[in-house]
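Let's walk through this structure together, chain by chain and contact by contact. Have the viewer open as you read.

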Amino acid sequence: MSVSERLHPGVNLGATDPESHEAAEEVVFGFWIFLMSDLVLFAVLFATYAAMSVQGIAGGPAPAEVFDLTAAFVETLLLLLSSFAFGFAMLAMKYRENARSVLAWLLATGVLGAAFVGMELHDYYVMITAHGAPPQASGFLSAYYLLTGTHALHVSSGLVWMVIMAVQIAVFGLNTAVKLRLMRLALFWHMLDVVWIGIFTFVYLFGVVS
Amino acid sequence: MKLILGVLGAGIPGIAHARGFLDPAGPIASAQLTHFGVISALMLLVVVPMFIALPIVLLRYRRAGKGTYRPDWEFSWGLETLIWGVPVALIVILGSALWKHTIENDPYRPLGPDPLVVEVVALDWKFLFLYPEQGVATLDLLTLPEGRPVTLKLTSGTVMQSFIVPRLAGQIYAMAGMQTQLNLLADETGEFTGRNTQYNGLGFAQQSFVTRVVSPQDFDSWVASTKAQGQGIDFAGYQALLEPSVIDQPVLYGSVSPGLFDQVIASFAPDMVAGQGHAHMPAPPATAPAALPAAGASPTPHHHTPEAVQ
Amino acid sequence: MNDETPAGMPASEYGSEFGERLSYLIGLVLALVLTGAAFTLVWMKLLTGGAALAVLGLLAFIQVLVHLRCFLHIDLARSHRDDLKLILFTALILLVMVSGTIWILYDQHLRMMP
Amino acid sequence: MNWELIFGQLQWTSFVFAGAILDPSLSEFIASGAGSIAVLGAVAVVILLTVKRWWVPLWRDWLTSVDHKKVGIMYMVLALVMFARAVIEAALMRAQQLVAYDSAGFLSADHFGQLFSTHGTIMIFFVAMPFITGLMNYVMPLQIGARDVSFPLLNAISLMLTVAGAILIMISLVVGQFSTGGWTAYPPFTGIEFSPGEGVDYWIWAVSLGSIGSTLTGLNFAVTIYKKRCPGMTLFRMPLFCWTTLCTSILMIFAMAPLTAVTVMLALDRYAGFHFFTNGDGGNMMNYANLFWLFGHPEVYILILPAFGVWSEVVATFSAKRIYGYTSLVYATMCIAVLSFAVWLHHFFTMGQSANVNAIFGIATMVIGVPTGVKVYDWLLTMVGGRIRFSTSMLFLINFLLTFILGGLTGVLLANPGVDFQVHNTLFLVAHFHNMIIPGVLFGMFAAVQFWFPKAFGFRLHEGLGRASFWCFAPGFLLAFFPLYWLGMMGATRRTYMWSDPEYLPWLALAMAGAGLILAGFAFMVTQIVVSVRQRDRLACPLGDPWDGRALEWSIPAPAPEWNFAVLPDVTSRDAFYEAKQSGQAYRSPAAYEDIEVPRNTATAPLIGLFACAWAFGLVWHIWWLVAVSFVLMWAVVIVRSFNMNTVEIIPAARVKAQNEAFLAAARAAPGVPREQEMTSDNRGKALPEALTARAGAVPAGRAVEVLS
């Protein structure tokens, strides 16, 4: 089997580190399956939101009244850029095995991600205080907070994971185990950005348009 | 098919199936029983061969049996076609029967012009029946005229429940803030049991009511005599009924405040009670009707024994 | 099982750091354009009603594809087919679950609102 | 000190024994009795472990093990323990329904509500699921020629999360009460407004732990089957049990997520005042039914598919013949797996949606009947041309074919909305799903235990007692559940603790008798295990192939060594071991041995399980400090573990070689046992294949050695 062959879908090590590449086949595939299971969870939350954002307003505030599109736009950019930065962290790992460079890109990713979570928390704060729209106000808001909150929780766990990986890079260097974990974190991070596309479109934009 | 099942039932002592759709008293339950029979009969096409073939195979191919031992035999196109083909053909037939029966017997489809409308409110552990045209109401007694289509509109003042009068029609859920429908028709007089089949707490086992089907004349006179009763029901009276209880005897109300059913549904919409839609549960039992002797048992935790009726 | 890479496959964008960088950059630009288009559409009220929803949905769908291709490196041609099949099967399940749920809940809503 | 800060909502009256003191009644005494049994059982186990000095071996060899075989066995033990509780609960409910004619019987309504809720929850999540998971754990890696699953530690974590959920349910016997909302826990009844106690919270967290464990299991097994098959083992050479394991795993990956979502939503409603399923305020309980059954229907097939795999193995082995229609069975399995995601609405035909919605889901449901019917007839045809031996496993199979097809009939009936309107929520429905799950899943697992027990422990189970248990279980099932069909048609509602209709009585009496027989069957089964352990020398079959098996797991010693295969096999056909025996290739020494890497034991999994259980207990009782501390500890364990880079140990080739060559020599030297002596003590695990005997005529035992080695 030639090492340039891609042993698993998604971010690959390929010929740069054949040994790690082969070790990645099983774990990365396993992580893909986990991501798929996670996507089903999000799908269920999306479907629930789709129904409740129309049927569950119950006299409370409607989507268009509480959403701040500008904030959503900025959050989108933050997450997109952090996803992009993680891509460059992966390139630094793959082609140069440069721990410093990886750490620098991870830091950029983490800062952007943390800013994203911070902005979301601020959104929640504004919604609750200025619009009187806590999750307890209606079925629609319950579904909104659960969907975006689950995403924010995922992003936050990603941030914690990133810190741990930074420590592991410092302790172990870029060995196979660390590389494989970084690859999985990369998949996780990119996938969260994909889920966010769904959120900004079907929650924020749809909410304001309809 | 009704005949076959009837014979089967009669063959077993003590079975008069006084209730249940085995002895339908209306076209809907009757159609359901027939459908049950047709499907069962068709399914025998795949069930019976197994019961015939398995003993034969076991006998022939047991170790001492006469069958030839062919350890490598694993496929035959003919048999393959048969075991895929027969079920597929059967499902096509069963599926079309299902489609036809389901569409024709949609519980929302009225069974004729000028149906009698009865509004049903499922409560913990009783049913409130409102007759908007007649202006009367009952608790745990559904009186219907024979031969006239009936449209039941159902909602719940509490948890989700499932309403059924097996000898007349199948069940449908009743849910708070929503309205479901059930159309039925009784073509013989008599008393049929109806009940809730969705578990809803301590009094669930006793949540049944009498469906009394009478001649149209008797129905009119029943309405008149009920009207003559002094006691009426309005929204406050309804709220008193929210206190969980099992009742022994049906209660009759001579008058109903107009639009009570819509008020019940609206009580779960916040426009009306401003976010307090669900807060009716602990309503005080102040104006409970006199004929409500039961032990009201609120489902408190750590308290095992509040039996509804001992 | 193993879909072997065709021999003598040309060095792709994944073969070199430069190529991969380009891929991320293309992804970023496309994502920015698509996101910008979606938000502009809503801000400028270029479309309303069903048409707006349809276009927004389409833009999101394209952007998901962009992310999958450029960031996640999902590649229909050169990945292990069986792995990919399992991942694509998810799309089918998601479709069934989401469309089924929405269909059922809307139908119930229509039938049960008095 | 502030009591609530430390103990949350726990009070001394929360303990079940307080009920018997404060409010003495038979129902309370039974509840206290059950609580006492749980406590005394735990104390007895502790004493036993201490007296026998088993603590260390238990911890060192079992709890910290990540070996798929040990994990599998622990799953099975968990299932059996929980089965004992749930089957006793079932008998109690039967007894109550029998005596509660126009009277309240001996159980209170509330107690009865808890019984049917725990019975259902336990049977699905903590009996059936651990049973199938344990079996897949033990058998699947052996059948595909692998040394372990892909992620052994994750496997152990799945187990420990499931155990944590089971322990939580056992705690609810003693502390507080369980939900009365049934295993489906439909809101708004299970909402905080109508079920304010801790019962529903017990349900939520126990089920959530089990569900997360199952998701991880599914992920693990799917990767294992995709990536860990031995050389030559293409997908279409895998034994059918591996196919059904693969499909079940995929179902677990996708179906568990909706359950997690729905329990989280219910929890948010209850703990934080959200409005997913409440009455009013935009809540929508119909979505609960929708989401729950998005999980619930695939769950049915998660349970039944592994059993289908078992039946396929059993029928081929005891007919001494190739399986009929292998490809057909594989595609039927796939069809079932995909279709199982498209039928969930049939669980709530009565919700009130349009007739065309009902009709479409009804037809989709019927369509699943096609591949299922195909499978049943494939098994029948497998017996054609075979030489059938009526072992206990085979008796279970015959019983399965006859009863399952009747369950299929009632299933097709229930797929018709018109029929469902009448029998939904009645005992007819109860009879139907027990008809599918008991002869299908449960008896399938019993058959599997009889079949694979010798592989796991090195000795067979006592055949006579096995048959005795079968002859109690099979008629017991018929008696216990066929009357329920009739009762349901007469309109008897499920979950009803008292009746007022004398016509039900004879049928309830029959059902009670059936429940008694099932209990007797269970007693025989326990006796069988005890007796077999005592007679293990007479029943020993260390050579590993007591049944003339067909797949790779029979080619290795019994019990299977830690490394499964001394050298990974290289297969060239389906039924690899059977073919090897036919061609005289079996028991050949490999050319060379290599060092084997195995994962080290680790305390990670049991610690995660412990903290998960504490976390859930804290949530149930609102003990927030415990919630916070155990949550942090749980993740701390994960993080600490991630810094451990030294997780494998090496077994030297010499040791592997010595042990394996000894086994091979013994196997070659042993005379093959013809099938008529299969159940005698002559059966040491070296089979004289039926097909060879048939070809060569009756072969004397002495000559068999030459034929085979």
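What follows is a tour of the chains, the places where they meet, and a few residues worth a look.

This is a predicted model, so to speak of local features pLDDT has to be at least 70 and side-chain atom pairs count only at pLDDT 80 or more, while totals for chains, interfaces and linings use all residues. Residues are numbered from 1 along each chain as its sequence is written, chains are lettered from A and ligands numbered from 1 in the order in which they are written, and side-chain values use heavy atoms, with hydrogens and water left out.

Let's begin with chain B. It has seven helices and 13 strands, where helices (H or I, at least four residues) and strands (E, at least two) are DSSP runs numbered from the N terminus. Of its 310 residues, 55% are buried; buried means under 20% relative accessible area, exposed means over 50%, and partly exposed is in between, using a 1.4 Å probe and protein chains only. Count the contacts (heavy atoms within 4.5 Å) in chain B between residues at least 6 apart in sequence, and 69% of them join residues at least 24 apart.

Chain B is assigned domain 1 (2-104) and domain 2 (116-272), with bounds that come from an automatic or database domain assignment. The C-alpha centres of the two domains lie 39 Å apart. Where the domains meet, twelve residues of domain 1 are in contact with 13 residues of domain 2. Together they bury about 880 Å², 50% of it on carbon and sulfur atoms; buried area here is the accessible area (1.4 Å probe) that two parts lose on being put together, summed over both. One salt bridge is counted between these domains, meaning a side-chain nitrogen of Lys or Arg within 4 Å of a carboxyl oxygen of Asp or Glu. You can find a salt bridge between the side chains of Asp23(B) and Arg167(B), at 3.1 Å from N to O.

Elsewhere in chain B, Glu191(B) and Arg212(B) meet in a salt bridge at 3.0 Å, N to O. That pair links distant parts of the chain: Glu191(B) sits in strand 9 (residues 190-196) and Arg212(B) in strand 10 (residues 208-214), 21 residues apart. Glu191(B) is exposed, with a relative accessible area of 52%, whereas Arg212(B) is partly exposed at 29%.

Now for chain B's contact with chain D. The contact takes 111 residues from chain D and 100 residues from chain B. The area buried between them is about 9200 Å², with carbon and sulfur atoms giving 68%. On the chain D side, Tyr324(D), Gln422(D) and Met489(D) lose the most area to chain B, together 7% of what that side buries. Four salt bridges are counted between the two chains. In one salt bridge, the side chains of Arg322(D) and Asp72(B) meet at 3.8 Å, N to O. Helix 12 (residues 355-383) of chain D supplies the largest share of the chain D side, 17 residues. Arg322(D) and Asp72(B) also belong to a network of salt bridges that links them with Glu74(B) and Glu579(D).

Staying in chain D, look at helix 16 (residues 463-489), where Arg467(D) and Glu463(D) lie four residues apart, about one turn of the helix. They form a salt bridge, with the closest N and O atoms 3.1 Å apart. Arg467(D) is partly exposed at 29% relative accessibility, while Glu463(D) is buried at 12%. In helix 17 (residues 505-534) you'll find Leu505(D), partly exposed at 24% relative accessibility. Not counting residues up to four places away in sequence, Leu505(D) touches Leu98(D) and Tyr101(D).

Chain C has three helices and zero strands, and 45% of its 114 residues are buried. Thr90(C) lies in helix 3 (residues 81-112) and is buried at 1% relative accessibility. Leaving aside neighbours within four places in sequence, Thr90(C) is in contact with Met36(A), Val40(A) and Phe254(D).

Finally, chain A has a salt bridge between the side chains of Glu97(A) and Lys179(A), at 2.4 Å from N to O. Glu97(A) lies in the loop between helix 3 (69-96) and helix 4 (99-130) and Lys179(A) in helix 6 (residues 176-209), so the pair ties together parts 82 residues apart in sequence. Glu97(A) is partly exposed at 43% relative accessibility, but Lys179(A) is buried at 1%.
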